[in-house]
Amino acid sequence: MPKGHYYGRTQTRAYTGEYHRIFAKTFKNLLTVPLGNYSLNADFLNNEHQKFKLTTLECGARMMTFTINNKPHKIALILDKRSASNKLYITCPYCQKQRQSLYAIKYAYGCRQCIGLHYASQSERPNERLMRRIRKLRKELWGYDWPDVNNMFEQIAYWPKPKWMRWKTFNLKRDKITELENIYWPMVDAHMKVMFGHNFMPDC
Ligand SMILES: [Zn+2]
């Protein structure tokens, strides 16, 4: 899909899963190249998300500075020398935590957690809301400590009736959950298609 074009409903709110990401592992060569100005070779990102300056911190670690919306966004490249594979991490400009990837949001880069915090109070995807409801109903029926009560991949069909409950009540409650789960899975499937079909920067 060409950049800037998309189909279907108008996007009014963007979600974590719909953002483009940059991955720490793709920056390994930046540890050895000369310092200076660079641009990410990623045409799904806008200009400000691509251009950065590579500098060195006092501790020796290297840092990328993106200027987005006239503000510097500093992302350090941290090599974990403890692991045999010398895994590379990038730091989130907001929480400074080491991450394997960062999301490109409209005016920044941020980690999943920071973006999640930003949006959690404002919205929840319909399938997430439904999943929460299903889990709540499962717990009401089988209890909080029932194994796999939160595992959406586990089928409830053969989960037992609580001893104290009448069969009629149990069947009604279980059928309700089954009904919701039958709505849930096609939603997740559709969401995945939208998520991986997108090739644009969502407005937020
Ligand atoms: Zn963060």
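Predicted model: local features only at pLDDT ≥ 70, side-chain atom pairs only at ≥ 80, totals over all residues.

Colleague: Which residue in E8 is the bridge partner of Ile-22?

Modeller: Leu-102 is the partner of Ile-22 there.

Colleague: And what sheet does that pair belong to?

Modeller: An open sheet of three strands, in the order E1-E8-E9, with antiparallel pairing. E1 and E9 (108-110) stand at the edges. Each has a single partner strand, so one side of each lacks a neighbour in the sheet. On average, neighbouring strands here are turned by 35 degrees against each other, ignoring direction.

Colleague: How many bridges join E8 to E9?

Modeller: Three, and those two strands run antiparallel. Tyr-103 stands opposite Gly-110 in E9.

Colleague: Back to E1. Which residues are on the covered face, and which on the uncovered one?

Modeller: Strand E1 covers residues 20-23. His-20 and Ile-22 make up the covered face. Arg-21 and Phe-23 are on the uncovered one. In general, side chains in a regular strand alternate between the two faces of the sheet.

Colleague: What about Ser-101, buried or exposed?

Modeller: Buried. Its relative accessible area is 12%, and the cut-off for buried is under 20%. Ser-101 is found in strand E8, residues 101-105.

Colleague: What does the side chain of Ser-101 make a polar contact with?

Modeller: With the side chain of Arg-21, at 3.2 Å. Arg-21 is on the uncovered face of E1.

Colleague: Which residues is Ser-101 in contact with, leaving aside neighbours within four places in sequence?

Modeller: Arg-21, Ile-22, Phe-23 and Ile-90.

Colleague: Changing topic. Where is Leu-31?

Modeller: Leu-31 sits in the loop between E1 and strand E2 (36-39). At 28% relative accessible area, Leu-31 is partly exposed.

Colleague: What is Leu-31 in contact with, sequence neighbours within four places aside?

Modeller: Arg-62, Leu-77, Leu-79 and Leu-88. There is also a C-alpha to C-alpha distance of 8.5 Å between Leu-31 and Ala-61, which are 30 residues apart in sequence.

Colleague: Zoom out for me. How many helices and strands does the protein chain have?

Modeller: Four helices and nine strands. Along the sequence, the pattern reads β-β-α-β-β-β-β-β-β-β-α-α-α.

Colleague: What share of the residues is buried?

Modeller: 38% of the 204 residues in the protein chain.

Colleague: Last one. Among contacts with a separation of 6 or more, what share joins residues 24 or more positions apart?

Modeller: 46% of them, in the protein chain.

How values were computed. Residues numbered from 1 in each chain as written. Heavy atoms only, no water. Buried < 20%, exposed > 50% of the residue type's maximum accessible area, 1.4 Å probe, protein only. Polar contact = N/O pair within 3.5 Å; in protein donor to acceptor, adjacent residues only side chain to side chain. Contact = heavy atoms within 4.5 Å. Pairing = 2+ DSSP bridges. Axes fitted to C-alpha atoms, helices over the stretch in contact; angles between N-to-C directions.
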